[in-house]
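Q: Please take a close look at one part of this structure. I would like a single connected account of that part and its surroundings.

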Amino acid sequence: MLRIYNTLTRKIEEFKLINPPIATLYTCGPTVYDYTHIGHLRTYVGNDILRRVLETNDFEVKHVMNITDVGHLTSDEDAGEDKMEEGARQSGRTVWEVAKFFEDHFWKSVETVNIERPSIVAKATDHIEEQIKLIKKLEKNGFIYITDQAIYFDISKFPNYTKLSGQSLDDKSIGVRTDVVIDKQKRSPVDFALWFFTVGHFADHVMKWSSPWGGGFPGWHIECSAMAMEYLGDTIDIHTGGIDHISVHHTNEIAQSEAASGKQFVRFWVHHEFLLVNGEKMSKSKKNFYRIDEVTAKGFDPLALRYLFLTAHYRDKLNFTWESLQAAQNALSNLRQIVRDWEEPKIGCAQFEQDFMASINNDLNLPQAVAVMWDLIKSDYPTSAKAKTLLIMDKVLGLNLEEILGKPVEIPSRVKKLIEQRETARKSGDFKKSDKLRKEIKKMGFLIEDAPSGPKARAVVN
Ligand SMILES: [Zn+2]
């Protein structure tokens, strides 16, 4: 039985599907006006794990993720700047080229840490009609008002607006918005834009579409509601995102969707905690946004980063340091080294499989699941039985162990020859020469271990 913490009820609940065996999952995707960094990757690996856990529970997962490729207007640090349009102006590229460039970087980044693609990837710019349709519904139901600059959602018409965050409406983090332009006709600072007209400040906004109310472009929040409901129905099983989305973005998604359909929008809200870097929150000013290409350039395996993410619970902060990544790399290399010599998978170890399942089904307790995996590895079962169970575990962990399991490293004949020469030198007491040869062999990527049965070579692991 799968149990997950639900942000909406603030409780760990038994996970039940609306329409078994199909589990509908919506995850907020990237905003493609900047590079994907390791903080984002923690959230996407978290979503990937959730999806794999659902699949391991024999649910058929229908997973939708959006790509925000419309320049939008609010952020904590750069209030008042439309980053995509600004980025395009500065680099001499079109907004479409900027979006494409960063979308490509996103896919490359998530693929290197072995994240599976969602069943449906929905771009905001391909779904303008659906967004307009949703705004029309909200208009018909009496939840909007229109100013010269924008169409707003009227919070006063939607009771229990802050039910997801549990905040009070006076709370500064929801009351104060980083609006680009002061709109004097806006009725409450908490109201949020569904559509911006390309007038005044936005007169030369490149991305624009016609609408029944006038030309312009959608606000950010409306795309997720429109696309989630379009592909997954009015009520979906699980919606995820980073914890920074709770008080505004997801709160607004609930307001829009429920005001339009009159039904509950999401049964389970799952939120991932932040990644800290050297104990600090990631931020532009601290320049601690590491990208996956920066991680691999330092010689790390991208899956070491994935391993590191597995060692913390998704609702706990995780502190990234190069030392913690090195420790994860060592653990992963050690794991690979061990399983290379294992026999063909057979039978399996039921108790370890049960313990693993119990861990992942206990609010996705991956650190515990990883500990169960190591208990299995250190156990006295035959390697063939351990191999079978490990591959089952790896369907969730995603460390690509199948590629390595039972495949000892081939030792090239040149290396074999050097090993023989070293053995001769060692036996004749020429330790200077044998040491020199050992170093040479190491340079070629192999370590020598002197066992009673003779020297053994194994690949150097980084
Ligand atoms: Zn979203």
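A: A residue is buried if 20 or more other C-beta atoms, placed from the backbone, lie within 10 Å of its own, exposed if 12 or fewer do, and partly exposed in between. Lys 395 counts as exposed because it has 12 C-beta neighbours inside 10 Å. The model is predicted: local features need pLDDT of at least 70, side-chain atom pairs count only at pLDDT 80 or more, and totals for chains, interfaces and linings use all residues. Residues are numbered from 1 along each chain as its sequence is written.

Leaving aside residues up to four places away in sequence, Lys 395 is in contact with Arg 52 and Thr 56 (C-beta atoms, placed from the backbone, within 7 Å). Asp 154, by contrast, lies 241 residues from Lys 395 in sequence and 45 Å from it in space, C-alpha to C-alpha.

Helix 13 also packs with helix 12 (residues 366–378), at an angle of about 165° and with the axes 10 Å apart. Helix 12 is therefore roughly antiparallel to helix 13 (an angle over 145 degrees). Axes here are lines fitted to C-alpha atoms over the stretch in contact, and angles run from 0 to 180 degrees between N-to-C directions. At this contact, Met 373, Leu 376 and Ile 377 of helix 12 meet Lys 386, Thr 389, Leu 390 and Met 393 of helix 13. By class, the contact comprises 5 nonpolar residues (Ala, Val, Leu, Ile, Met, Phe, Trp, Tyr, Cys, Pro), 1 charged (Asp, Glu, Lys, Arg) and 1 polar (the others, Gly among them).

Key: Contact = placed C-beta atoms within 7 Å. Helix = DSSP H or I, 4+ residues; strand = E, 2+ residues; numbered from the N terminus. Parallel < 35°, antiparallel > 145°, perpendicular 65-115°, else oblique.
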